[in-house]
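Biologist: Please take a close look at how the chains of this model meet one another. I would like the strands at the contacts, and the pairs of residues that face each other there.

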Amino acid sequence: MNLGKVVGTVVSTRKEPVLEGIRFLLVRLVDTEGKETSSFVVAADAMGAGPGEMVLTAAGSSARQTTMTQNKPVDAVIMAIVDTWDIDGKTKYVK
Amino acid sequence: MNLGKVVGTVVSTRKEPVLEGIRFLLVRLVDTEGKETSSFVVAADAMGAGPGEMVLTAAGSSARQTTMTQNKPVDAVIMAIVDTWDIDGKTKYVK
Amino acid sequence: MNLGKVVGTVVSTRKEPVLEGIRFLLVRLVDTEGKETSSFVVAADAMGAGPGEMVLTAAGSSARQTTMTQNKPVDAVIMAIVDTWDIDGKTKYVK
Amino acid sequence: MNLGKVVGTVVSTRKEPVLEGIRFLLVRLVDTEGKETSSFVVAADAMGAGPGEMVLTAAGSSARQTTMTQNKPVDAVIMAIVDTWDIDGKTKYVK
Amino acid sequence: MNLGKVVGTVVSTRKEPVLEGIRFLLVRLVDTEGKETSSFVVAADAMGAGPGEMVLTAAGSSARQTTMTQNKPVDAVIMAIVDTWDIDGKTKYVK
């Protein structure tokens with residue numbers, strides 16, 4: 001999974017009909033210190049994530065293993081909201 | 001999903017028979033400000049997207065989850081046309 | 001899909017038995033102007049592509065969606081030979 | 001598979017219900033000499049890996065081929081803990 | 001497929017039980033001239049490849065399309081040993 005920060009929303013009215021009701025969030029990937037990078041992904045939001053929250057995203061066919069995304073043309077999904085992470089015993093992020 | 005801009009069309013007459021009738025568009029990836037990058041992908045067009053439109057593309061097996069692309073050798077599909085997106089509360093793109 | 005140019009052939013006699021009879025071509029990826037890059041992929045040839053031809057390749061599980069590659073350990077396939085492409089209304093390549 | 005070192009833990013209480021009980025570890029990729037790189041992945045831990053251990057991670061749909069991860073929105077899994085590796089006949093890592 | 005050279009072996013005793021008996025080789029990717037790059041992958045060896053041999057590796061779900069790797073958490077497999085390859089009509093590698 002990738003570690004990222006929800007920074008925005010992508011709105012689309014013309015889309016595959018099965019995508020109706022799915023929210024697409026713009027998630028900027030972060031490094032292990034939590035610093036934003038220039039990489040980002042647009043992910044379906046299976047968690048009701050809010051702006052500024054740190055999240056985990058799953059890609060590829062794994063992105064379709066949620067009730068919301070099953071059998072849909074979606075290749076990235078937010079499947080967890082991060083509370084904390086640590087590196088080498090030091091806390092790097094607390095929500 | 002990737003965020004990209006439709007910039008061209010790829011024409012092919014000799015192709016897998018099941019691909020007959022599918023339009024292949026050249027989609028240049030954009031950054032979060034909407035600026036074109038040097039990366040691009042050739043995607044099947046499930047939406048009737050036009051030149052200059054901002055779109056979302058899904059990759060891998062997820063690209064085959066549309067009626068048009070099911071069971072076909074296609075690894076990228078345009079599954080949504082973007083109206084707007086915002087970053088940190090600021091609108092970055094309006095169609 | 002990736003846009004690439006057929007530049008060579010990879011020959012292998014010791015291989016998974018199901019791969020018998022499949023030709024593996026060396027495809028160098030090109031940029032949107034058709035200029036060769038340093039990236040390349042070895043792809044199964046489902047089209048009878050010849051040296052110098054511009055082709056589209058599909059990757060991952062999508063590479064197994066042709067009669068020739070079905071259920072085989074192949075992660076890239078040439079599924080179309082390109083006639084032309086254009087960018088911003090200008091023809092960039094004609095076969 | 002990627003070769004990486006377990007350097008931390010990612011904690012999430014709000015997540016897809018099926019992910020309950022799965023531990024997510026932060027794995028920093030290493031080069032062939034065992035030196036840490038700046039790349040990392042968050043992987044489900046199918047092995048009970050501990051901090052500092054060198055591991056192999058499998059990505060994509062292959063990450064769902066363990067009892068713990070089957071049919072779950074997980075795109076990276078630790079499926080082996082590394083004892084040793086060698087390059088050109090020289091041992092590069094011993095646990 | 002990627003073109004690579006077998007340069008080492010990764011040994012693991014604690015691993016998913018279904019991986020018992022599978023040999024994991026360290027494969028360094030090469031460029032089209034056969035020169036080693038800094039990129040590498042750890043791949044299951046379905047071919048009995050030896051050190052120094054040039055091989056093709058298949059990634060993702062395609063890596064599970066061999067008898068040895070079917071339904072196992074493996075995302076890269078050696079499915080062919082390379083005899084020769086040529087670029088623009090010139091032989092670049094002969095075993």
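Modeller: What follows goes from confidence to symmetry, and then to the contacts.

This is a predicted model, in which local features need pLDDT of at least 70 and side-chain atom pairs count only at pLDDT 80 or more, while totals for chains, interfaces and linings use all residues. Residues are numbered from 1 along each chain as its sequence is written, and chains are lettered from A and ligands numbered from 1 in the order in which they are written. Chain A has an average pLDDT of 98, and 100% of its residues score at least 70; pLDDT is the predictor's confidence in each residue, from 0 to 100. For the complex, the predictor gives an ipTM of 0.96 and a pTM of 0.97.

Chain D is superposed on chain E by a rotation of 72 degrees with 0.0 Å of shift along its axis, at an RMSD of 0.0 Å. This is the relation of a five-fold axis. Chain D and chain E use different surfaces, since 12% of the contact residues of chain D recur in chain E. Chain A can likewise be laid on chain B by a turn of 72 degrees and a shift of 0.0 Å along the axis, with an RMSD of 0.0 Å. Here only 12% of the interface residues of chain A are also interface residues in chain B, so these copies meet through different surfaces.

Two residues are in contact if their C-beta atoms, placed from the backbone, lie within 7 Å. Between chain A and chain B, the contact takes 25 residues from chain A and 25 residues from chain B. On the side of chain A, the elements that give two or more residues are β1 (2-11), β2 (14-15), β3 (24-30) and β4 (36-45). Strands are DSSP runs of E, at least two residues long, numbered from the N terminus. β1(A) gives the most to this side, with 5 residues. By class, the side has 12 nonpolar, 7 polar and 6 charged residues. Nonpolar means Ala, Val, Leu, Ile, Met, Phe, Trp, Tyr, Cys and Pro, charged means Asp, Glu, Lys and Arg, and the others, Gly among them, count as polar.

Strands pair if DSSP finds at least two bridges between them. β2(A) pairs with β6 (residues 76-81) of chain B in the antiparallel sense over 2 bridges, and R14(A) stands opposite I81(B).

β7 (residues 84-87) of chain A is joined to β8 (residues 90-94) of chain A by 4 bridges, and the two run antiparallel. The bridge partner of D86(A) in β8(A) is T91(A). The hairpin of these strands has 2 residues between them, and D88(A) takes a positive phi near 50 degrees in it. β7(A) also pairs with β1 (residues 2-11) of chain D, antiparallel, over 4 bridges. There D86(A) stands opposite T9(D).

In the contact of chain D with chain E, 25 residues of chain D meet 24 residues of chain E. β5 (54-59), β6 (76-81) and β7 (84-87) of chain D are the elements that give two or more residues to the side of chain D. That side divides into 15 nonpolar, 7 polar and 3 charged residues. β7(D) is joined to β1 (residues 2-11) of chain E by 4 antiparallel bridges, with V11(E) as the bridge partner of T84(D).

Some pairs of chains do not touch. No contact joins chain A and chain C, whose closest C-alpha atoms lie 10 Å apart. Chain B and chain D do not touch either, and their nearest C-alpha atoms are 10 Å apart.

Methods
Copies are superposed by least squares on the C-alpha atoms of residues with pLDDT of at least 70 in both.
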